[in-house]
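This briefing walks through the packing of a single model, topic by topic. Please keep the sequence and the 3D view open while reading.

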Amino acid sequence: MRILILGATGFLGSNLFQLASENNNLTVFGTSRFQHENSNIMQVDVTNKQSIGCAIKKINPEVVIWSLMSFGEETQLIKLGLENLLSEIESETKLIFLSTDAVFVEGIGGYKESDPIGTLPKEADLADYVNGKNIGENLILNNHPNHVILRTGPLYGNNGNGVIEKRTVRIIEKIKENQSFKAYTNVYRTFVDINDLSSTIIELTKIKFKGILHVGPIHKESYYSFYKKRLEQLGWNNSFLSPIIISKEDFPYLSLDTSLNTQKAHQLLKSNFRTV
């Protein structure tokens, strides 16, 4: 099976590319914005219709995985790049689209696949990212029936290049300088290990499932509990960490709880999701 990973050099994409390449039943190609030493990773600009069109024609993928992300310019990436992709791939091509828990803007937690998603006002910090993902999901739902929309919480873990998540790197840098830091005890997410997610995506290339799927462990974590456990995993002193409660009055656009109900994924998939 030929699969194409759009964004094969990012935190998730590089891990997914490496893991998929180890599978003898898959012929794996990827894209990058820049030239790459691996001949199976092509330099492609998805916002350029000719660029993505040439890649699709050359590879003729049976599965395309969208692992692209641009926080500040997500809407433009979706409106140009995703529309270009949808116009180039065949209707029978399976499209796996990486979305986010952040589309649940009300922040009440325990979200199921059928729950409505929302948008943020333009003055919100994550507005472009959240609203872009919202647009992307709707574009796919309305234009490409052979799809899997994967919603996931924040990613963490060690990818194939030995890189860990940036949020924890920033905390470690503070620890090195003996600086204390605070983390929210009342902001909850479904944190997902990058290797578990990569295994899940590979499994989804092989099965006939179509639709929306929430992935990750059953239990949610606060940012405070996540950092406390994660630092311990990595062998760092977590005594610099202290709890803090955030106020919605101070941060009106922050969703306090975007945790996902992942029961459907646990019933459907063989892949396992570890807790932090």
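At what angle do helix 1 and helix 6 pack, and how far apart are their axes? They pack at an angle of about 55°, with axes 9 Å apart, where axes are lines fitted to C-alpha atoms, for helices over the stretch in contact, and angles run from 0 to 180 degrees between N-to-C directions. This is a predicted model, in which local features need pLDDT of at least 70 and side-chain atom pairs count only at pLDDT 80 or more, while totals for chains, interfaces and linings use all residues. Residues are numbered from 1 along each chain as its sequence is written, and side-chain values use heavy atoms, with hydrogens and water left out. Helices (H or I, at least four residues) and strands (E, at least two) are DSSP runs, numbered from the N terminus.

**Helix 1 against helix 6**

- Helix 1 and helix 6 are therefore oblique to each other, given that angles under 35 degrees count as roughly parallel, over 145 as roughly antiparallel, 65 to 115 as roughly perpendicular and the rest as oblique.
- The crossing of helix 1 over helix 6 is right-handed; a crossing is given that name if the near helix is turned clockwise from the far one by less than a right angle, and left-handed if anticlockwise.
- On the helix 1 side the contact (heavy atoms within 4.5 Å) is made by F11, L12, N15, L16, L19 and A20, and on the helix 6 side by I194, N195, L197, S198, S199, I201 and I202.
- N15, which lies in helix 1, is buried, with a relative accessible area of 4%; buried means under 20% relative accessible area, exposed over 50%, and partly exposed in between (1.4 Å probe, protein chains only).
- The side chains of N15 and S198 make a polar contact at 2.9 Å, that is, a pair of N or O atoms within 3.5 Å, of which, within protein, one must be able to donate a hydrogen and the other to accept it, and residues adjacent in sequence count only if both atoms are side-chain atoms.
- Leaving aside residues up to four places away in sequence, N15 touches G10, N158, N159, G160, I194, N195 and S198.

- I201 touches L12, L16, I65, I96, L98 and L150, not counting residues up to four places away in sequence.
- In soluble globular proteins, nonpolar side chains tend to be buried together.

**Helix 2 and its ends**

- Within helix 2 (residues 49-59), the buried residues S51, I52, G53, A55, I56 and I59 pack against strand 1, strand 2 (27-32), strand 3 (41-43), strand 4 and helix 3 (74-88).
- Where helix 2 starts, a side-chain oxygen of N48 reaches to within 3.0 Å of the backbone nitrogen of Q50.
- N60, in the loop between helix 2 and strand 4, has a positive phi of about 50° although it is not a glycine, and N60 is partly exposed, with a relative accessible area of 44%.

**Helix 7 and helix 5**

- Y223, Y224, S225, F226, Y227, R230 and L231 are the buried residues of helix 7 (residues 223-233), and they pack against strand 7 (155-156), helix 5 (166-176), strand 8 (181-184), strand 9 (188-189), strand 12 (221-222) and strand 13 (241-244).
- The axes of helix 5 and helix 7 come within 11 Å and cross at roughly 70°, which makes helix 5 roughly perpendicular to helix 7.
- Helix 5 passes helix 7 in a right-handed crossing, with R167, T168, I171, I172 and I175 of helix 5 meeting Y223, F226, Y227, R230 and L231 of helix 7.
- After helix 7 comes G235, whose phi is positive, near 85°.

**The loop between helix 5 and strand 8**

- N178 is found in this loop and has a positive phi of about 55° although it is not a glycine; N178 is exposed, with a relative accessible area of 60%.
- S180 also has its place in the loop between helix 5 and strand 8, and S180 is exposed, with a relative accessible area of 57%.
- S180 and A20 are 160 residues apart in sequence and 40 Å apart in space, C-alpha to C-alpha.
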